[in-house]
Structures are given as structure tokens and as C-alpha cells.
Amino acid sequence: MIFLIFLFIGSALIYPSNLSENFEIKLKVVYLEDKRLPSITQKDIKEILEEAKNELQIKFGINYVNFDYSGIKPISIFFNKNLNKNDKYYKNLSLTRYKLFSNEISYEGKKEEILKFLKQWKLWDIKKFFSEDVQKNLNNYEDVMKELYKIYFEKLKILENLKLSNGKFLIDRETNDFNLYINWVVAMNNQDEYDILFTNTIIVYDDILHPYPHAVLRYAKVGGSSFDSPKRMVFYGRAAMVNLFEMLTDIDYFKKDESEKNIDRSLWNKIIGSFILAHEIGHALFLIPDVYDHPKQCLMDSSYETMNYYEGYKILKQYPFSCLKCEVYINARENFFLAENFFKNNNYEEAINYYRLSAKMTPEKLDVDYNSYISDIYYKIGNCFFLLNDYNNARSYLEKSLNYNPENKLSKNLLNKLE
Ligand SMILES: [Zn+2]
Ligand SMILES: [Zn+2]
């Protein structure tokens with residue numbers, strides 16, 4: 001009993017939120033349907049959203065996230081509207097993507113960048129993704145890289161040749177824009193309608209510069225992801241996608257683990273809501289990266305132990321409390337939200353205080369580029385000083401901002417105005 005009371009008080013103290021009671025984050029939700037593949041109903045979507053809200057309360061101690069669901073839309077409409085193949089962004093990203101049906105995966109020239117990417121995790125933590133036999137031969141990051149790309153290529157080949165029960169290819173030879181991750185990155189970068197997008201389509205992970213072990217080794221496809229979506233200011237320039245393909249497909253290759261075979265629709269809705277959607281909101285809202293070294297109850301844990309959705313979900317439910325290592329992220333980000341609110345209400349002095357606090361508290365390992373993020377915050381501080389007619393401080397913060405990201409356009413423009 002005493003222990004229980006302590007636990008209760010303890011968890012109440014974990015995330016002391018300074019946000020006011022009527023603070024709300026309202027997320028616009030859509031379901032983009034691929035008509036060729038198994039699908040779900042509106043009722044299911046509602047159950048998923050309900051569960052996500054519940055999980056956010058348990059794991060992050062927040063109840064200010066609400067959903068505005070706008071229904072089912074054909075996926076092709078979204079891609080016709082938002083995937084612009086002429087823009088520079090598309091062309092740049094296409095330089096380092098796997099080319100569908102090309103029969104080769106060429107990462108040779110990019111080895112250094114890829115090794116740097118892999119080194120963000122401890123060798124021991126990545127090794128766990130491989131079978132025990134393979135692990136014995138993985139002595140360094142180079143070994144891991146080699147093995148990873150070998151499996152990556154094998155899995156891509158399999159995806160390209162899978163067929164639906166009607167004999168057609170899972171990945172259509174002609175119409176497959178929405179089946180590629182890089183295309184999603186580009187479309188999400190352009191779109192200005194939604195914060196959360198559900199889809200039942202398959203998305204091949206074709207970003208060969210960033211071989212996330214949990215994506216590459218899980219069929220080389222994407223289960224869910226958060227994206228830059230600069231026109232969506234609700235997540236401060238981010239949006240999240242939840243992928244339902246694997247839960248719905250009847251293709252043998254994706255045969256579920258024994259434990260997942262008898263899960264009914266309603267339990268799947270709970271798994272999607274907590275293990276996937278709430279996790280994606282953790283990325284988009286608090287910028288917490290995928291972690292392999294947080295405690296068991298952590299919603300952002302992407303370690304080997306949680307590769308299986310149902311097992312991952314069960315662990316979340318078994319430990320229904322928040323993760324201390326995630327707390328740092330939430331506190332930093334809530335100070336940012338506070339600053340934004342003060343800014344909206346023209347209280348620039350207070351906004352400056354909270355932006356500063358938030359910049360100081362933000363951990364370096366983020367789900368977005370740390371330097372660009374800090375550069376944006378320093379721009380905001382510079383802009384506040386500018387609006388207060390304190391040009392010396394404005395200049396100093398804009399310069400700081402450009403130190404972190406020399407390409408920051410807003411900072412450059414405002415600094416030019418000051419000269
Ligand atoms: Zn994740
Ligand atoms: Zn955590």
C-alpha cells in the first residue's frame with residue numbers, strides 16, 4: 001500500500017507541466033486507402049485514436065492531445081497532389097535511393113556516412129538484431145554494415161516479387177509512387193492538410209543512406225514514421241504516418257509470429273493505437289528518437305525485444321508508467337510550447353525566457369537534426385529581441401542561429417534587415 005501511494009505520488013511528480021489547463025494540441029487525421037489491399041473501417045480508426053490518447057496519458061502524462069478525424073480518402077489523390085518529381089528535394093533524395101527493380105544496391109561511395117549513421121547506436125545493441133550465428137562474426141561497425149546491406153538487398157528482392165491472392169504483384173509495375181518511402185518523404189514535405197496519416201499500403205524502405213536496423217531487418221519496409229511537414233504547424237513542422245499493411249495482409253511471407261495469430265480486430269486496434277500511433281506522436285511532438293537503451297516501459301523503445309508488435313504492446317501494458325529518460329525530452333519541448341504561446345500573445349520577454357530554457361534542455365540525440373532545431377530556436381529568440389527593438393541582442397542571437405545552421409533562411413533575412 002505504502003509502495004502504491006509512493007508510486008502514485010512519484011508518477012504525479014514526474015512531468016510537472018507548466019502548460020495551462022486549456023492548452024490543446026489538435027491533430028488532423030486522415031486514412032489514405034489503397035483499394036487493392038485489405039482495409040479497415042471508420043469504427044476501427046476511432047478505437048485506435050482512443051487507445052493512443054490513453055497511452056499518451058500513461059507514458060507521457062499528457063492529456064492535451066486531441067484528434068480531428070476527416071475520413072477515408074484514396075491514396076492516389078494525395079500523391080498526385082503532393083509528389084512533385086520536378087522539385088529539387090525529390091531529385092536530391094533520389095540520388096541515394098534504392099531503384100525499384102534495378103537489381104543492385106549501391107552504397108559503396110557512401111560508406112563513411114553510413115558508418116557514422118550506424119555509430120549512433122552501441123555495437124552491442126545493433127548486433128542483437130541479427131541471428132546468434134551471424135552475431136559471432138560481427139566484430140565492428142563495418143561487419144554490421146556489410147551484413148545489413150546483404151540482408152537489405154535480399155529483402156528488397158523478395159518484396160518486389162510478392163504477389164496478391166488475385167495473382168497481381170504486391171508492388172505494381174506501373175503505379176507504385178506511394179509504395180516508396182522517399183516519395184513519402186517528398187509528399188509529406190509538400191502537404192499542408194494532415195498531422196497523422198493512416199494507410200494500408202505497403203511502403204518499401206528505399207532510403208539506403210539511413211539503414212535503420214529495425215526497418216531493414218523487418219522486411220525492408222516502413223511500419224510507421226514521422227516526417228518533416230513544414231506547412232503543418234500543429235506538430236511544429238512534422239507529421240506522422242501509421243502503416244497498417246502488416247496487420248491486414250494475408251500474404252504468407254508476412255506470416256505473423258505464433259503469438260500474433262489469434263489477435264482479433266479490437267486488440268489490433270489497441271496495439272496500433274499504443275504501440276504504433278502513440279509512439280509516432282512521441283517522435284513528432286517531443287522529438288524523441290527511436291531508442292534502444294531506455295527502460296522497458298519506454299514507449300520509444302525500438303530494440304530487438306519489441307520487433308514483434310504484440311510482444312512490444314504487452315511490455316508496454318506490463319509496465320504502465322512513464323520513462324525517466326524520455327522526461328528530459330518532454331520537459332524541453334513543453335518549454336518550447338510555452339514559449340510559442342507567449343509569443344502568440346505578444347509577450348516577447350517571457351517567450352525569450354522559455355525559448356532559452358528549451359534550447360538549453362534539449363538533448364543532442366533528437367529525432368530531427370539537432371543543429372537545425374537549435375538554430376530555429378535561436379532565430380525565434382532573435383526575432384523576439386527584434387520585436388522588442390533590442391537590436392544588439394537580436395543580432396547576437398541571429399548570429400548564434402547561423403552558427404548552428406548557416407543555411408537558416410529566416411535568420412539570414414532578419415539579419416539582413418538589421419544591417
Ligand atoms: Zn520510432
Ligand atoms: Zn524512454
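Guide: The chain splits into domain 1 (32–322) and domain 2 (327–418), with bounds that come from an automatic or database domain assignment. Bear in mind that this is a predicted model, where local features need pLDDT of at least 70, side-chain atom pairs count only at pLDDT 80 or more, and totals for chains, interfaces and linings use all residues. Residues are numbered from 1 along each chain as its sequence is written, while chains are lettered from A and ligands numbered from 1 in the order in which they are written.

Now, the C-alpha centres of domain 1 and domain 2 sit 31 Å apart. Their contact draws nine residues from domain 1 and eight residues from domain 2, where two residues are in contact if their C-beta atoms, placed from the backbone, lie within 7 Å. Helices here are DSSP runs (H or I, at least four residues), numbered from the N terminus. By class, that side of domain 1 has six nonpolar, three polar and no charged residues; Ala, Val, Leu, Ile, Met, Phe, Trp, Tyr, Cys and Pro count as nonpolar, Asp, Glu, Lys and Arg as charged, and the others, Gly among them, as polar.

Next, have a look at R333, which belongs to helix α14 (residues 324–344). Setting aside neighbours within four places in sequence, R333 touches L285, F286 and L287. From the C-alpha of R333 to that of F254, 79 residues apart along the chain, the separation is 37 Å.

Further along, helix α16 (residues 370–387) packs on helix α17 (residues 391–404) at about 170°, their axes 8 Å apart. The axes are lines fitted to C-alpha atoms, for helices over the stretch in contact, and angles run from 0 to 180 degrees between N-to-C directions. So α16 is roughly antiparallel to α17, the label for angles over 145 degrees. Among the residues that meet there are I374, Y378 and F385 from α16, and Y391, Y397 and L398 from α17. Sorted by class, the residues of this contact come out as eleven nonpolar, five polar and one charged.

Technical notes. Helices (H or I, at least four residues) and strands (E, at least two) are DSSP runs, numbered from the N terminus. Angles under 35 degrees count as roughly parallel, over 145 as roughly antiparallel, 65 to 115 as roughly perpendicular and the rest as oblique.
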